[in-house]
Amino acid sequence: MGVRRLSAADRIYSTVNYTLLLIFCLTALYPFIYFLALSFNDGYDAMKGGIYFLPRVGTLENYTKAFKNPHIINSFFISVSRTFIVTVGSVILTALLAYGLSRKGLPGRRYIVFFFFFTTLFSGGLIPTFILYRELHILDTYWVLVLPSLYSFFNAIIMKTFFDGIPGGLSESARIDGASELSVFARIILPLSMPVMATIALFVGVGIWNDWFTGQFFIQNENLQPAATFLNKMISEASFQSMTGSSSGSSIKNMNEAQMQLRGVTPEALRMTFVIIITAPIICVYPFLQKYFVKGVLVGSLKE
Amino acid sequence: MTAKVARGKVLPSKKNKTWATVWNFRHIYLFMLPAIIWYLVFCYYPMYGILIAFKDFKYNLGILGSPWEGFRYFKQFLSDSSFYSVLYNTLSISALKLLFGFPAPLILALMLNGVMSGKFKRIFQTISYLPHFVSWVVVVTLMQKILSPNVGLINDIRDHMGMEPIFFMGMPSLFYPLVIISDIWKGVGWGSIIYLAALTNIDPHLYEAAEMDGAGRWSKLFKITLPTLTPTIGILLIFSLSGVLNAGFDQIWLMQTPATLSVSEILDTYVLKTGIQQGQFAYSTAIGLFKSFISLILIVAVNKVSKKVSDVSLW
């Protein structure tokens with residue numbers, strides 16, 4: 001804003017502003033630093049407390065034990081494969097839908113848009129959805145981890161708005177040259193839409209990576225549990241045990257079994273480590289996509 | 001438009017013309033077909049399943065075959081005192097989130113806007129988004145550890161200062177503050193994106209002109225900045241108001257402990273417990289339907305009012 005000299009009031013304002021922002025950013029970042037320090041620290045030593053920024057008795061034991069634990073590894077790979085399949089599938093299918101919605105002159109377009117939009121206003125709710133999954137026989141199968149997450153109207157609208165911004169002449173001339181709809185879509189629209197594809201991929205990917213609900217209530221098979229669900233079972237198991245001092249139930253038995261293989265590593269340290277393992281992929285990805293998704297959120301918020 | 005699209009074909013009647021246009025777009029419909037099927041199965045079929053709320057649902061009889069019960073389950077929950085405490089908790093949590101959580105992103109955006117250096121601004125922003133990308137499971141794990149009575153960070157510090165440890169997550173009186181703080185912590189950075197974008201659209205000349213007229217920091221804020229943001233604030237407020245029965249399932253479910261149930265049971269967690277965990281499908285569906293229906297009315301009403309008053313509307 002072309003400010004050359006700062007007045008005293010401005011300087012005070014700036015200082016307060018920067019300080020508050022700095023404090024906020026530290027609180028946003030610090031829990032992860034704390035967990036990072038604990039995950040690299042010996043579990044029994046950590047029980048004495050007093051670790052804030054750096055490990056006191058450094059060890060990689062927690063990580064080697066975590067990566068040897070069959071339940072952790074399995075749930076991690078369930079999450080990885082599920083995230084990959086849903087992200088790729090969802091981006092392609094949503095793009096096809098959004099491309100359709102963005103085509104001007106499409107007969108019945110208004111009705112089709114309403115057909116999709118209505119589902120954001122009103123939904124069947126939990127129990128009818130549960131019964132649907134049961135009738136489709138996808139409860140307790142890998143399908144339930146994948147199928148219900150393929151579409152989101154919100155994402156389709158973000159993509160549609162992006163496609164609307166692509167000059168119609170480009171695809172029109174290709175069509176006149178005899179290109180099929182599919183090749184127009186694949187050769188012209190998609191290459192021009194990489195930013196929005198990246199944004200949607202991030203949204204879908206993060207959402208599915210973080211989803212614990214599906215694994216918790218629609219999956220019973222321990223071998224199909226996604227990482228977020230497994231982490232939740234680890235923490236609820238811990239609070240259950242600390243409250244009652246006893247343990248029972250199948251998932252809890254399983255947890256004890258998992259912990260038995262971890263002699264020398266405290267369950268607490270293992271949880272910290274698992275939190276880091278589950279968070280690391282996201283922390284590595286999102287800063288690079290930031291400039292895209294900031295735009296994506298904006299486009300999505302501006303309805304036609 | 002239609003004439004242009006249906007190029008090259010001589011079409012006698014208007015009706016045939018429409019079908020010809022449809023035929024021209026056949027590939028586009030094919031592109032959307034998976035979506036239409038998916039929405040019919042995963043969104044519309046559960047809507048039909050709502051009938052369960054009016055039936056004595058038995059698996060072996062199916063949805064249509066089960067005997068009708070009319071409004072029995074609605075009467076049941078409307079005469080159940082625990083339903084009112086659940087409704088009260090839901091509304092309290094939503095109201096508190098609206099009161100404290102709604103202005104937070106706006107304030108953060110205004111603060112970030114006051115940062116002169118572009119580099120710092122970007123770093124602050126990137127860090128502020130971080131919690132948004134982390135699962136509630138992780139956030140609650142972080143909270144449980146940091147607030148844990150045995151060597152959690154906070155109690156560790158309290159111990160150094162000679163204070164008694166507190167079991168934060170197990171105290172009903174602390175449940176709402178923890179819900180609000182963690183909700184703001186997780187969402188404030190992400191929520192500020194929209195405001196920041198609206199802020200960058202303000203013409204700097206406006207500020208310069210105002211300064212020449214002797215406007216100070218606060219009058220610029222109230223006369224230029226906030227009025228520019230009003231439509232954005234309006235849209236977001238509509239969203240928040242219409243979601244007032246959504247107190248935040250993930251967060252609440254993961255944060256609640258048996259000790260805090262009296263204040264932490266909300267409609268969504270109650271539906272899940274009575275439905276999936278206790279198998280009272282009809283009763284639980286009835287409550288779910290009650291919730292969806294009120295939400296639908298709210299969103300339509302709020303949108304209508306907003307359209308009249310401020311010309312801001314979702315559709």
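Does Lys145(B) at 6% relative accessibility count as buried or exposed, and what is it called here?Which does Lys145(B) count as at its relative accessibility, buried or exposed? At 6%, Lys145(B) counts as buried (under 20% relative accessible area; exposed is over 50% and partly exposed lies in between, with a 1.4 Å probe and protein chains only).

This is a predicted model, in which local features need pLDDT of at least 70 and side-chain atom pairs count only at pLDDT 80 or more, whereas totals for chains, interfaces and linings use all residues. Residues are numbered from 1 along each chain as its sequence is written, chains are lettered from A in the order in which they are written, and side-chain values use heavy atoms, without hydrogens and water.

**View 1. Helix 9 of chain B and its N-terminal cap.** Helices are DSSP runs (H or I, at least four residues), numbered from the N terminus. Because 10 of the 11 residues of helix 9 (136–146) are buried, this helix is largely enclosed by the rest of the structure. Ser135(B) caps the helix, with a side-chain oxygen 3.0 Å from the backbone nitrogen of Val137(B).

**View 2. The salt bridge between Glu268(A) and Lys145(B).** The closest N and O atoms are 3.3 Å apart (a salt bridge is a side-chain nitrogen of Lys or Arg within 4 Å of a carboxyl oxygen of Asp or Glu). This pair crosses between chains, from helix 15 of chain A to helix 9 of chain B. Glu268(A) is partly exposed, at 28%.

**View 3. The salt bridge between Lys291(B) and Asp268(B).** The N to O distance is 2.9 Å. The partners, in helix 17 and helix 16 of chain B, lie 23 residues apart. Lys291(B) is buried at 12%, and Asp268(B) is buried at 18%.

Definitions and conventions
Helices (H or I, at least four residues) and strands (E, at least two) are DSSP runs, numbered from the N terminus. A polar contact is a pair of N or O atoms within 3.5 Å; within protein, one must be able to donate a hydrogen and the other to accept it, and residues adjacent in sequence count only if both atoms are side-chain atoms.
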